[in-house]
Amino acid sequence: GILPPGSPIPRFYSLASKSSDGFLEICVRRLPEGLCSEFLHGLKQGDCIDAFIQLHPDFRPAAGKAPVILIGSGTGIGPLAGFIRSNTGKYPMYLYWGGRDPASDFLYEPELTEYLADGRLTGLHAAFSRVENGAYVQDRVLDDATQLRQLMDLDAQVLVCGSRTMAKSIVKALDEILAPLNLDVQALRTQGRYREDVF
């Protein structure tokens, strides 16, 4: 949680780092007229901010070797990239992510390429909405229905981070994909296999 100058209301950002990393990392999109994003983007090295950590213990991959399906959009990629960075055991991990334009906002692209090469990331499926024949992250999820059903048979877990609108579209897409397995997102939630961090 960050308190921008002149406001008593904190703005919350999902961490892309863990305490043992030795640094604190967040992913912030600069918004015109955005009090906190303008403040953060204007910081210089050595500046101080008023901030605090609010734990979200339910939003992390469960222990074990079951596949992990990470789904996000925009700056929601922050914690997902952090989970991939921490996947030193190289368990199956798949990322579905949506942005606007690969030329301007393919967030974490160099790191994701490195993680694909070293095995921390098993598959990367990116969608961009503001290009010719644009698509959204839910389109990539639907494109991979067969593989996702196979992963669900292996007790895969799903973590979703990004806007509420995107998350609703993902629930709809996954319910469609899971129907042949007599599963839905609500059942996955009950089993602890579907977790969200949405804003």
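This is a predicted model: local features need pLDDT of at least 70, side-chain atom pairs count only at pLDDT 80 or more; totals for chains, interfaces and linings use all residues.

Biologist: Which residues of H6 are buried, then?

Modeller: In H6, Ala145, Leu148, Leu151 and Met152 are buried.

Biologist: Why do you say that the buried residues of H6 line one face of the helix?

Modeller: Looking down the axis of H6, we find its buried residues within an arc of 120°, so they line one face.

Biologist: And what covers the buried residues of H6?

Modeller: The cover includes E3, E4, H5, E6, H7 and H8. Just after H6, by the way, Asp155 takes a positive phi of about 65°.

Biologist: Why is Ser73 called buried?

Modeller: Ser73 has a relative accessible area of 16%. Buried means under 20%, so Ser73 counts as buried. Ser73 belongs to strand E3, which covers residues 68-73.

Biologist: What is Ser73 in contact with, leaving aside its neighbours within four places in sequence?

Modeller: Those partners are Trp97, Gly98, Cys161, Gly162, Ser163 and Met166. Contact here means heavy atoms within 4.5 Å.

Biologist: Now the largest nonpolar core. Which of its residues touch the most other members?

Modeller: That core has 26 residues, and Ile69, Ile71, Val141, Ile170, Leu174 and Tyr194 touch the most other members. H7 supplies the largest share, eight residues.

Biologist: What does Tyr194 touch, not counting residues up to four places away in sequence?

Modeller: Tyr194 touches Val158, Val160, Ala167, Ile170, Val171, Leu174, Val185, Leu188 and Arg189. Apart from this core lies another, of 21 residues, among them Ala16, Val68, Leu80 and Ile84.

Biologist: How do you know where empty space is left?

Modeller: We roll a probe the size of a water molecule over the atoms, and that shows where empty space is left. In this model, the largest pocket has a volume of about 1300 Å³. Of the 44 residues that line the largest pocket, Leu15, Ser17, Phe59, Pro79 and Phe83 are the closest to its centre.

Biologist: Which element gives the most to the lining of the largest pocket?

Modeller: H2 does, with four residues. Helix H1 (35-41) and strand E7 (194-198) are also among the elements that give two or more residues.

Biologist: How many residues of each class are in the lining of the largest pocket?

Modeller: By class, the lining has 27 nonpolar, 12 polar and five charged residues.

Definitions and conventions:
Residues are numbered from 1 along each chain as its sequence is written. Side-chain values use heavy atoms; hydrogens and water are left out. Buried means under 20% relative accessible area, exposed over 50%, partly exposed in between (1.4 Å probe, protein chains only). On a 1 Å grid over the protein atoms alone, a cavity is a set of points where a 1.4 Å probe fits but cannot get out, and a pocket is an open set with protein on both sides within 12 Å along at least five of seven lines; lining residues have an atom within 4 Å of a point. Grid points are joined across faces, edges and corners, and a volume is the space filled by probe spheres set on the points. Ala, Val, Leu, Ile, Met, Phe, Trp, Tyr, Cys and Pro count as nonpolar, Asp, Glu, Lys and Arg as charged, and the others, Gly among them, as polar. A nonpolar core is a set of buried Ala, Val, Leu, Ile, Met, Phe, Trp, Tyr and Cys residues joined through side-chain atoms within 4.5 Å. The arc is that of the directions from the helix axis to the C-beta atoms.
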